[in-house]
Amino acid sequence: MSTSFITIIRYELLQASRSPIAFIEPILFFMLVSMLLPLSLSSHIDIDQLAIIGAGFIWICVLLAHLLSLHTLFRDDYHDGTLIQWVLSPTPLIYIIYAKLISHWIICSLPILLTTPLWFWLFHLPEQAFCGFLIILGCSTVLLTVLCAMGAALTVQQNRQTILQGLLILPWYIPVLILASFASNALCQQQIVWISYTYWLAAITTLMLTLLPFLITSALTMMTMSQ
Amino acid sequence: MLQLKQVQSERQGRVLFSNLSLNLPCGTLLRVIGSNGAGKTTLLKILAGIFELTQGSIACLPPLHANPLFIGHELAIKPTLTPLEYLQTWQILYNCQDISRLDQVCQLLELHELKSTPCSQLSAGQCQRIALAKLWLTSINFWVLDEPFTALDVNATHLIACKLIQHTQKNGLVIFTTHHLPEALEDKTQTLILNNPFPKDTE
């Protein structure tokens, strides 16, 4: 079973590496939006205010970058018959879904994590907050990947990317947005309370990472089996 | 053995077929024929367990495998990957034991020169061959094939036809659709005719 798990991750990464737009699109969008903010504000506010705005704004950029790449998750697999092959295969679908989620996180979220030093410098965020930021960002991108996968699974029959997917995910993302921005603000002001926010975020992430893949699996099975 | 009892299928409020009862023992080669839109693909997907039934029941009795090998119109081939990568992944996902056989099969189906060409550069017939290579790799004894001879040349058609006969001789069950039956299969197949060119409304 572990072989098929690794095989799917390799299969997905191989596909992404052959058409690198899958890697590039979310990160390019993320960089573009986060770079434009300091440019548009710089003459009116001082550096401390920029740090506060930037620490909150970054979570909206993360959300939008994930929404942008959401359509690549299951739609091709649904339309080219890959999902049928997966449903019929002796490998349980839940294994494949977990492998898919991991590879999607590597393709879409990891590049965002890697650019952290850049926007830290752009927003003049305090250096001692760096590790804390990585932890919060890691948790929330994992959660966001699972939520996006749920949205993608439920709208897999739609031919085009619709606003529906965004609307499906948004209510789920709001708690993440609140916790993550509270935590990052507290972190920038060097208040120890950021740890408790991060604990909550990690708890929600663990819960969703355990439950949602089962929901995604049954949604995809239902979508494949409905006529 | 595959048992169908009073199977009915609807699609968008139209009854495609109803009261379909069949007993298919292992070793049967069943060809489903019917005009376009008669419900051949739907029936095949029902038999494969992909579509749910609106009425009736299907029982898949041992030694038949519950999940068939299904090759449909959508070949599930990714345009950026090579045939070799595609088939290797498929083998691992379907727990194929004999991984070394892949080379021989590629040789047999004349795919060995295309092994590292991206599938987007291959013709429809070549893609069909890649999908049909699974017939040699699998250990599943229940095959459901939707138009397996589409886009194949004479040699490949003959090769596949022989493989189907060989499989039924080994007590496998094959259900397929085709509009043009290869000569080799002519006296070996049983035929199921779906004849419902103008499906009436359920109301």
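Which helices each supply at least two residues of the lining of the second largest pocket? I began with this question and kept the entries below.

**Entry 1: conventions.** I noted that the model is predicted, that local features need pLDDT of at least 70 and side-chain atom pairs pLDDT 80 or more, while totals for chains, interfaces and linings use all residues. Residues are numbered from 1 along each chain as written, chains are lettered from A and ligands numbered from 1 in written order, and side-chain values use heavy atoms, without hydrogens or water.

**Entry 2: second largest pocket.** I found the answer in both chains: H4 and helix H10 (194-225) of chain A, and helix H1 (40-47) of chain B. Helices here are DSSP runs of H or I with at least four residues, strands are runs of E with at least two, and both are numbered from the N terminus. A pocket is an open set of points on a 1 Å grid over the protein atoms alone, where a 1.4 Å probe fits, with protein on both sides within 12 Å along at least five of seven lines; a cavity is a set from which the probe cannot get out, and lining residues have an atom within 4 Å of a point. The volume of this pocket is about 330 Å³, taken as the space filled by probe spheres set on the points, which are joined across faces, edges and corners. I counted 17 lining residues, with Tyr78(A), Ile84(A), Lys45(B), Phe51(B) and Glu74(B) closest to the centre. H1(B) gives the largest share, three residues. By class I recorded four nonpolar, nine polar and four charged residues, where Ala, Val, Leu, Ile, Met, Phe, Trp, Tyr, Cys and Pro are nonpolar, Asp, Glu, Lys and Arg are charged, and the others, Gly among them, are polar.

**Entry 3: largest pocket.** I then looked up the largest pocket, which holds about 510 Å³ of space. Its lining has 23 residues, and Gln15(A), Ser19(A), Ala22(A), Thr72(A) and Asp76(A) lie nearest the centre. Helices H1 (2-18), H2 (21-41), H4 (75-79) and H6 (93-114) of chain A give two or more residues each. H6(A) contributes the largest share, five residues. The lining comprises eight nonpolar, eight polar and seven charged residues.

**Entry 4: helix H1(A).** I checked the span of H1(A): its 17 residues reach 24 Å from first to last C-alpha, close to the 24 Å expected, which is 1.5 Å times one less than the number of residues. Among its buried residues are Tyr11(A) and Gln15(A); buried means under 20% relative accessible area, exposed over 50%, and partly exposed in between, with a 1.4 Å probe and protein chains only. The buried residues of H1(A) pack against H2, H5 and H6 of chain A and H2 of chain B, with contact meaning heavy atoms within 4.5 Å.

**Entry 5: largest cavity.** My search found three cavities of 30 Å³ or more. The largest cavity has a volume of about 90 Å³, and its lining includes Tyr11(A), Trp86(A), Ala76(B) and Trp90(B). H2(B) gives the most, four residues.

**Entry 6: positive phi.** Most residues other than glycine have a negative phi. I noted that Ala76(B) has a phi near 65° and lies in the loop between strand E5 (69-71) and helix H2 (83-93) of chain B. Ala76(B) is buried at 4% relative accessibility. His124(A) has a phi near 55°, whereas its relative accessible area of 41% makes it partly exposed.
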